[in-house]
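The following note concerns the model displayed below.

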Amino acid sequence: MFEQLLRRITEGSDTRLPEPDSRLALAALLVRIARADGQYTEVEIGRIDRVLARRHGLSAQDAIALRHQAEALEAEAPDTVRFTRALKDAVPHEDRDGLMQALWAVALADGGRDAVEDQLIRLVAKLLGVTDQESALARQKVQEG
């Protein structure tokens, strides 16, 4: 399963990924954000699980299973561009605020901002076609709430 998805993502196919694949791409991107600073903490893991459950209407167990799949995929994936391409194709621009909020929620889960995580989020925002201002507004929503 992972090999097939990884192959589709890395081949750069122009075909849109089906919903389960876009869910897994988001989950893997959340894991990549959490791991970016070299520390993958229980707090970040819990936040990923909650974000996935809320965003996709999953049970806690299903969110954990999706995260486990995402951890394996993220460890094998060569770059971030493939994940963002899958999400850009699957998520309309007007709904990308929710993606940015999810990314910021994970990045801020450990109580602070990290330069490496900030840099990765800036890259992801650019690849998703989200402006710096839109990303900053998404971050503020997470911090306020």
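This is a predicted model: local features need pLDDT of at least 70, side-chain atom pairs count only at pLDDT 80 or more; totals for chains, interfaces and linings use all residues.

**Notes on helix packing and burial**

1. Alanine 102 is buried, with a relative accessible area of 6%; buried means under 20% relative accessible area, exposed over 50%, and partly exposed in between, with a 1.4 Å probe and protein chains only. This alanine 102 belongs to helix α6. Leaving out residues up to four places away in sequence, alanine 102 touches Leu30 and Val51, where contact means heavy atoms within 4.5 Å. Alanine 102 and leucine 29 are 73 residues apart in sequence, and their C-alpha atoms are 10.0 Å apart in space.

2. Residues are numbered from 1 along each chain as its sequence is written, and side-chain values use heavy atoms, with hydrogens and water left out.

3. On the overall architecture: the protein chain has 8 helices and 0 strands, in the order α-α-α-α-α-α-α-α along the sequence. Helices (H or I, at least four residues) and strands (E, at least two) are DSSP runs, numbered from the N terminus. Of the 145 residues of the protein chain, 45% count as buried. Among contacts between residues at least 6 apart in sequence, 73% join residues at least 24 apart.

4. On α3 and α6: these helices pack at an angle of about 160°, with their axes 9 Å apart. Axes are lines fitted to C-alpha atoms, for helices over the stretch in contact, and angles run from 0 to 180 degrees between N-to-C directions. α3 and α6 are therefore roughly antiparallel to each other; angles over 145 degrees count as roughly antiparallel, under 35 as roughly parallel, 65 to 115 as roughly perpendicular and the rest as oblique. The contact is formed by Glu44, Arg47, Ile48, Val51 and Arg55 of α3 with Gly98, Leu99, Ala102, Ala105 and Val106 of α6. By class, the contact of α3 with α6 has 6 nonpolar, 1 polar and 3 charged residues. Here Ala, Val, Leu, Ile, Met, Phe, Trp, Tyr, Cys and Pro count as nonpolar, Asp, Glu, Lys and Arg as charged, and the others, Gly among them, as polar.

5. On α6 and α8: helix α6 (residues 96-107) and helix α8 (residues 132-144) pack at an angle of about 60°, with their axes 8 Å apart. That makes α6 oblique to α8. On the α6 side, Asp97, Met100, Gln101, Trp104 and Ala105 meet Glu134, Ser135, Ala138, Arg139, Lys141 and Val142 in α8. The residues of this contact of α6 with α8 divide into 5 nonpolar, 2 polar and 4 charged.

6. On the end of the chain: glycine 145 lies in the segment after α8. Glycine 145 is exposed, with a relative accessible area of 90%. Glycine 145 and alanine 105 are 40 residues apart in sequence and 9.9 Å apart in space, C-alpha to C-alpha.

7. On α3 and α4: helix α3 (residues 42-56) and α4 pack at an angle of about 115°, with their axes 8 Å apart. From α3, Ile45, Ile48, Asp49, Leu52, Ala53 and His56 meet Ala63, Ile64, Leu66 and Arg67 in α4. The residues of the contact of α3 with α4 divide into 7 nonpolar, 1 polar and 2 charged.

8. Buried in α4 are Ala63, Leu66, Arg67, Ala70, Glu71, Leu73 and Glu74. Arginine 67 has a relative accessible area of 7%. Not counting residues up to four places away in sequence, arginine 67 touches Val31, Tyr40, Ile45, Ile48, Asp49 and Leu52.

9. On alanine 27: this residue lies in helix α2 (residues 19-35). Alanine 27 is buried, with a relative accessible area of 0%. Apart from neighbours within four places in sequence, alanine 27 is in contact with Leu52, Leu66 and Ala70. The C-alpha atoms of alanine 27 and leucine 66 are separated by 7.1 Å, although these residues are 39 residues apart along the chain.
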